[in-house]
Amino acid sequence: MLKKALAMIMALICATAFAAVDVNNATVADLDSIKGIGPGTSAKILDARKAAKFKDWNDLIDRVPGIGPKRAGALSNEGLTVNGETFKAPVSPAANKKASKPAAPSAESGKS
């Protein structure tokens, strides 16, 4: 019985260790626990949050110097969320053109 209780406690501790950290509710310690966020970035986040909570990832990127789409993706992968949402990288127009552009016919297909 004691082993089961200890196993349950360890499972709960492990689950909370991997829990997401929401930028709008996070403390300095919570933010510093995210790989890629140090004291400087956490201070910038908290200063920007004083004005208003972050609406979404774009709002965070716009208001916190040093966080762009690439870094936002990395922070999201480490467990940071904005209003419970993970970062979804915007699809660039160039990527859309490549995806929608039909493939060029091969030299083989033109021969009869």
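**Figure 1. The chain as a whole, before zooming in.** Among contacts in the protein chain (heavy atoms within 4.5 Å) between residues at least 6 apart in sequence, 51% join residues at least 24 apart. This is a predicted model, where local features need pLDDT of at least 70, side-chain atom pairs count only at pLDDT 80 or more, and totals for chains, interfaces and linings use all residues. Residues are numbered from 1 along each chain as its sequence is written, and side-chain values use heavy atoms, with hydrogens and water left out. The protein chain has 6 helices and 2 strands; these are DSSP runs numbered from the N terminus, H or I of at least four residues for helices and E of at least two for strands. Read from the N terminus, the order is α-β-α-α-α-α-β-α. Of the 112 residues in the protein chain, 27% are buried. Here buried means under 20% relative accessible area, exposed means over 50%, and partly exposed is in between, with a 1.4 Å probe and protein chains only.

**Figure 2. Helix 3 and its buried face.** Take the length to begin with: 13 residues at 1.5 Å a residue should span 18 Å, and the end C-alpha atoms of helix 3 sit 19 Å apart, which agrees. That expected span is 1.5 Å times one less than the number of residues. The buried residues of helix 3 are Thr41, Ser42, Ile45, Leu46, Ala48 and Arg49. Looking down the axis of helix 3, they fall within an arc of 165°, so they line one face of the helix; the arc is that of the directions from the helix axis to the C-beta atoms. Pro39, Lys50 and Ala51 are exposed on the face turned away from the buried side. The cover over the buried residues of helix 3 includes helix 2, helix 4 (57–63) and helix 5 (69–77).

Figure 3. Thr41 belongs to helix 3, residues 39–51. With 12% relative accessibility, Thr41 counts as buried. Setting aside residues up to four places away in sequence, Thr41 touches Ile67 and Arg71.

Figure 4. Thr27 is found in the loop between strand 1 (21–22) and helix 2 (28–32). Its relative accessible area is 43%, so Thr27 is partly exposed. Thr27 and Leu46 are 19 residues apart along the chain, and their C-alpha atoms are separated by 8.4 Å. Ala29 is in helix 2, and at 55% relative accessibility Ala29 is exposed. From Ala29 to Pro39 the C-alpha to C-alpha distance is 9.2 Å, with the two residues 10 apart in sequence.

**Figure 5. Inside the largest nonpolar core.** A nonpolar core is a set of buried Ala, Val, Leu, Ile, Met, Phe, Trp, Tyr and Cys residues joined through side-chain atoms within 4.5 Å. The largest one has 20 residues, and Val23, Leu31, Ile45, Phe54 and Leu80 touch the most other members. At least two residues of this core come from each of helix 3, helix 4 and helix 5. Beyond its neighbours within four places in sequence, Leu80 is in contact with Val21, Val23, Leu31, Ile34, Ile37, Trp57 and Leu75.

**Figure 6. Thr81 on strand 2.** Thr81 lies in strand 2, residues 80–81. Thr81 is buried, at 7% relative accessibility. Its side chain makes a polar contact of 3.2 Å with that of Asp22. (A polar contact is a pair of N or O atoms within 3.5 Å; within protein, one must be able to donate a hydrogen and the other to accept it, and residues adjacent in sequence count only if both atoms are side-chain atoms.) Leaving out neighbours within four places in sequence, Thr81 is in contact with Ala20, Val21, Asp22, Val23, Trp57 and Thr86.

**Figure 7. An aromatic pair, Trp57 and Phe87.** The structure has 1 aromatic pair. The ring centres of Trp57 and Phe87 are 5.5 Å apart and the planes are at 70°, so the pair is edge-to-face. Rings of Phe, Tyr and Trp (its six-membered ring) pair if their centres lie within 6.5 Å; planes under 30 degrees apart are stacked, over 60 edge-to-face, and the rest tilted. Trp57 in helix 4 and Phe87 in the loop between strand 2 and helix 6 are 30 residues apart, so to speak distant parts of the chain linked by the pair. Trp57 is buried at 7% relative accessible area, and Phe87 is buried at 13%.
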